[in-house]
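This briefing goes through one protein chain by topic. Please look over the sequence and the structure before reading on.

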Amino acid sequence: MSSSDEDEVLKAGEEDEEVEKKEISGQEDQLTLESCPLTQDMMAKSLSLLCRTGNGLSHAYVRLDLKSKGLTDLALISSFIHLRYLDFSCNHLSDFSPLANLTQLLWVKGDGNLLQRFEGQPFGQLTYLQWLSFANNRLFDVKGIGGPALETLNLTGNGIQTMQGLEYHNLTNLVTLELRGNCLETTDGIYLPNLRHLYLAQNNLKRLEGLEKLEHLKTLHLRDNQLETLDGLSPNMKCLQYLNVRGNLISSMRALRNLVSAGQTLTALVLLENPLAKTDDYRMYVISHLSQLERLDKDPITAEEKSAAQEKEFDEEYAEDREDN
């Protein structure tokens, strides 16, 4: 085994150990928490929105707000089968199996709990669920997440390190995916052909991979990562309208070549807080190469700027000189 292979094995072992430590820590937190199960009294005070039931023969409350109740157990909820809107954010929950009976759920918010993995949880069985948020939990991967009707998924502020294992065939209707504030180093694995909006700010992204599969993507938000180039943007992204790469490490104007081929429908671009943005004539150079843009770095592009950019000539030597400086 070469030294580089040994380094990779050691690195993988360290990462597995770190994940295990965090999972054990989460288990210890659960052990030290005082038990606080859901009660009938809590239910009575938290139900609202009286609606007809699915068969139209009776009425039932369909909204339940259990935010910040200190809950550790949701067992009682399993009998409230008519619920459609459920908020149990800011509790101490890790087991959501009681939701399996709530087949009418449309909207679920579970931010600020102790969920460590989707595998073994019932969300993929909820055939009408359209909106799901588990921001600021303890997730490290996305294995097991699914839902035939799911359109919006928010996993902001977890510890997700990879998108490998994402079961895209179980997320065919997903339109918006929020992954801000995780630990991703690559976009590889996000194969969601109907995705329209992807938010990946504040990760550790160093590589853009697999984006050619996102043919319907309109919004790509990559602020505050570690990207040095825009390699990975693809001409297949024929619907892309908004790209934000603010606060990365992009230094070469030649990185914009990928935008020229991949950004034919791009109308808004944010490149602030990159070394590139400090280059002389940077704004004029971008406008001259992306004439379809309407906004650059949050500021509208004026007709005068477009006219001036068309008249100004930039050759490859200019780009190379600016890269060398």
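This is a predicted model: local features need pLDDT of at least 70, side-chain atom pairs count only at pLDDT 80 or more; totals for chains, interfaces and linings use all residues.

Which backbone atom lies 3.2 Å from a polar atom of the side chain of N248? The backbone nitrogen of Q226 does.

- N248 sits in the loop that runs between β10 (242-244) and α3 (256-262).
- With a relative accessibility of 3%, N248 counts as buried, because buried means under 20%.
- Apart from neighbours within four places in sequence, the contacts of N248 include L222, R223, D224, N225, Q226 and L227.
- N248 is also in contact with E273, N274 and P275.

**The β1-β2 hairpin**
- Strands β1 (residues 47-52) and β2 (residues 59-65) run antiparallel and are joined by five bridges.
- C51 stands opposite A60 in β2.
- Six residues separate β1 and β2 in this hairpin.
- In the turn, G56 has a positive phi of about 75°.

**Salt bridges**
- Side chains of opposite charge can pair when their charged atoms come close.
- Six salt bridges are found in a search of the whole structure.
- R180 and E178 form one of them through their side chains, at 2.8 Å from N to O.
- In that pair, R180 counts as partly exposed at 32% relative accessibility, whereas E178 counts as buried at 13%.
- A salt bridge also links R223 and D224, with the closest N and O atoms 3.5 Å apart.
- R223 is partly exposed at 28% relative accessibility, and D224 is partly exposed with a relative accessible area of 28%.
- The side chains of E305 and R283 meet in a salt bridge at 2.7 Å, N to O.
- E305 belongs to helix α5 (residues 303-311) and R283 to helix α4 (residues 282-289), so this pair ties together parts that are 22 residues apart in sequence.

**The chain as a whole**
- The secondary structure of the protein chain consists of six helices and 13 strands.
- Of the 325 residues in the protein chain, 41% are buried.
- Among contacts between residues at least 6 apart in sequence, 38% join residues at least 24 apart.
- The protein chain has an accessible surface of about 16,200 Å², and carbon and sulfur atoms account for 45% of that surface.

Methods:
Residues are numbered from 1 along each chain as its sequence is written. Side-chain values use heavy atoms; hydrogens and water are left out. Helices (H or I, at least four residues) and strands (E, at least two) are DSSP runs, numbered from the N terminus. Buried means under 20% relative accessible area, exposed over 50%, partly exposed in between (1.4 Å probe, protein chains only). A polar contact is a pair of N or O atoms within 3.5 Å; within protein, one must be able to donate a hydrogen and the other to accept it, and residues adjacent in sequence count only if both atoms are side-chain atoms. Contact means heavy atoms within 4.5 Å. Two strands pair if DSSP finds at least two bridges between them. Accessible areas come from the Shrake-Rupley method with a 1.4 Å probe; for residues, only the protein chains shown count as cover. A salt bridge is a side-chain nitrogen of Lys or Arg within 4 Å of a carboxyl oxygen of Asp or Glu.
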